Amino acid sequence: MEADSDIKTTPRGFHCVLCNANLPNPSSMEQHVKGRKHQTLRTVRATRKTQEQHSVFVSGINPVVSQTDIAEYFQQFGAVSDIVMDKDKGVYAIVQFAETDSLQATLSRVEHQMKGLKLRVKPRETKDFKLIPKKNASQNLQQALERLKPQLCQLVSVNAQMQYVVERFQLGENEKKARGLLVQLLQEVFVEFFPDSQIQPFGSSVNTFGIHSCDLDLFLDLDNTKVFQAHAKSTTEQAGEGTSDDGRSEDSILSDIDLSTASPTEVLDLVAAILKRCVPNVHKVNVVGSARLPVVKFHHRELNLQGDITINNRLAVRNTRFLQLCSGMEDRLRPLAYTIRYWAKQKQLAGNPSGAGPLLNNYALTLLIIFFLQNCEPPVLPTVERLKDMACEEEECVIAGWNCTFPSQPIAVPPSRNTQDLSTLLFAFFTFYAKFDFAGSVISVRKGCALPITDFLSQNTEEEKSTKTQPHGPKLGPLNLLDPFDLSHNVAGNLNERSQRSFQKECQEADKYCRSLQYQRKSTKGKSWGLVRLFTPHGEVPQSRPEQPTISIPFKLASLPEGLRDQLHQAGDGFRSLWFQKVCSAVEGVFQRVLGCRLAPSTDAVFGEESAVADDDAGEMETTSASLDSSINDSCDGVECQNEAGPAVGAKRQLSSGSDASESPQGKKPRLAKRGKPEAPHWICVQKHMVWAGRRKVRRELIKDTDSRPEGSCMELESKVTAHITEKEPELKEPLEFKVQPHMVGGTESTKAVLKLEPISDKTGVFQDLFHFLEAFLPKMVETLLEKEGSASHM
């Protein structure tokens, strides 16, 4: 087997040469060999080897020779499957044939001549396949900070540091002029091929937030060209000639395409052809037709500038005008944006060089800053709805059905009454998002408030039944940030759960740091202070572990079944309590029905009559639904009940109204005065077997299929695994007894259920092993049970 040659035995286990990975035991080695990374690399290696065996290296060509010329010449030897050209100088190419016979026929010819050029053809060089490790991003970021550090440390305040960051990274005047000249050149070129067309720059280059080497984003407006083409066609048909009445010939590139019916990709192919042939110093032209908005990418060699051209992105131009207006009416916005963008880049939260992946883009970060400023007290920036009301009739603007109206000049907007300085606002930004409920909210810059996610839960279902012409809802995810105008677009829709958690975690760390003197005062000993420590790349400071073992079950909209989504939508603002109730029900189901624990409610908590220790046939999930209904609201910390002063449900009954709690026998203190904060409802769990040990091996034996579903994906299977372990393995010498206390947070931070685990009796010392098992198993199993219950209720 080929995979065997990749695995080498070492004194400490095994080493995979292909993946450069160390594996401690045979079981880990087997899982690794069958894993995605190893299989993917094997496929890539096999593909590369096949390409080498079917390819020849061709030199002696010049930049004038096109890929089509090379294909036409070498097709005489056999079918050509691919051609790779030298991107920079155009002096060599790699030609790949479909069959090895074609390769041999090509190499057997002594001399190759094409268009007067003598070609040198030889077999393609074979190289050993190697996995190139990724560059140390943290080290590169630290080096960048070291170059910035001396100047920042010399400044007298955080405000001055933030102003310096702007000066250091903003586009210079010469850069702006060079970009402007390139836009003029492209305008002159494109108007020759697309009469009356316009090139409009948008994005970072012109929205006042540009940095050195940022992309040049361009919108090619062809609306007037479409009118011209239609008019020219009608005139030509009437006159029977190829010239319209304005004297411009229609015998041009427009004669080959009908702009009114052509697809965006077809038009962009023409745009790419014009860039290649008519614009000097432009190379690496590539059409990306599969993107959300198809685009032509190019690189300007002399300016070392990456550019993008789109033909259907008029809303982006309006977004740019909006950001220009915001920075024009509030001077503090630009220093905040530049500082937070650099912080996010240093923490690897944003700034992916490829422009893809689950990271925040600069536009999303800027909108998050604007939303925060809208929610300051008093507000620093007005909402988009207020801006719309401030606009005059001539400034009304509707694009693709979306109202994009706002004043064209900052002077039309009254100045803010907020007088906080830059350092205070930066601190407040981190505090604001450190406690923000991303899971339960949809951020609306238009309205300046967080909308409950339940308003959007049933949109997708309803839209499937409606016509396609109706606007669809946003793609919901871990972080939901609506575009100010296109309300169907989630600007942060590319983020995954890890990215969202990282952003909030870094905000929490920054919030803690900004409370210290190291942030607020300049060091008298020349040490790092202010922004320097804030910009320290992620991972430099070790993270402390929580004191009490806790397991978090986040509110994950994407994993909820349609039936449960409908229930949460109907619950409105109370969706958190309903969801928490479902989670508690599922948690009890996992402990009782899947892991075989004996459960008992706390002795001083009112769980209800139905929640007593259940028999074997009474472990239904609905038990907790009934038992926690009366006490659930007091387990919601920071949600609807966080400011209420009454004692939590689950405490002993208070004295009746007829009794005076303040009166007590002389010399004795009132009994209620001894009670602290009432303890929230919880379960007491008893486990007699180590049901967490060896589950993977037992699962494989039960299903005889190592490629089965992952752990926690099937309730019936996991229950069988537990039963098998209970039957075959001996009991613990002393049962493990532990407490599980459910607790919900939300509203002031991301909605999630937090389970606090605490050992009561652990004489055999296995509690930590159980906890580490539950950290991954319990959230996945709860998700499975919620999906099962939601699907059943929807049927």
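1. A polar contact is taken here as a pair of N or O atoms within 3.5 Å, where, within protein, one atom must be able to donate a hydrogen and the other to accept it, and where residues adjacent in sequence count only if both atoms are side-chain atoms. On that basis, a polar atom of the side chain of Asp-437 lies 2.6 Å from the backbone nitrogen of Thr-751. Asp-437 itself sits in the loop between H14 and strand S16 (441–444), and Asp-437 is buried, with a relative accessible area of 2%. Buried stands for under 20% relative accessible area, exposed for over 50% and partly exposed for what is in between, with a 1.4 Å probe and protein chains only.

2. The model is a predicted one, in which local features need pLDDT of at least 70 and side-chain atom pairs count only at pLDDT 80 or more, whereas totals for chains, interfaces and linings use all residues. Residues are numbered from 1 along each chain as its sequence is written, and side-chain values use heavy atoms, with hydrogens and water left out.

3. His-300 belongs to strand S12 (residues 295–300) and is buried, with a relative accessible area of 6%. Once its neighbours within four places in sequence are set aside, His-300 is in contact with Leu-182, Pro-280, Asn-281, Val-282 and Leu-305, contact being heavy atoms within 4.5 Å.

4. Helices (H or I, at least four residues) and strands (E, at least two) are DSSP runs numbered from the N terminus. Helix H16 (residues 497–514) has 18 residues and spans 26 Å from its first C-alpha to its last, close to the 26 Å expected at 1.5 Å a residue; the expected span is 1.5 Å times one less than the number of residues.

5. Which residues of H16 are buried? They are Ser-499, Gln-500, Phe-503, Gln-504, Glu-506, Cys-507, Ala-510, Asp-511, Tyr-513 and Cys-514. The buried residues of H16 pack against helices H11 (333–346), H12 (362–374), H14 (422–434), H17 (517–520) and H18 (531–534).

6. Strand S22 (residues 683–687) is mostly covered, five of its five residues being buried. Trp-683, Cys-685 and Gln-687 point one way from S22, while Ile-684 and Val-686 point the other way. S22 runs antiparallel to strand S23 (residues 736–745), to which five bridges join it, and the bridge partner of Val-686 in S23 is Glu-737. Two strands are said to pair if DSSP finds at least two bridges between them.

7. Three strands form an open, antiparallel sheet in the order S1-S2-S3. Strand S1 (7–10) and strand S3 (21–23) stand at the edges, each with a single partner strand, so one side of each is left without a neighbour in the sheet. The twist averages 30 degrees from one strand to the next. Four bridges join S1 to strand S2 (residues 13–16), and Thr-10 has Gly-13 of S2 as its bridge partner.

8. For the protein as a whole, the secondary structure comes to 24 helices and 24 strands, and buried residues make up 45% of the 795 residues. Among contacts between residues at least 6 apart in sequence, 68% join residues at least 24 apart.

Note on methods
Axes are lines fitted to C-alpha atoms, for helices over the stretch in contact, and angles run from 0 to 180 degrees between N-to-C directions.
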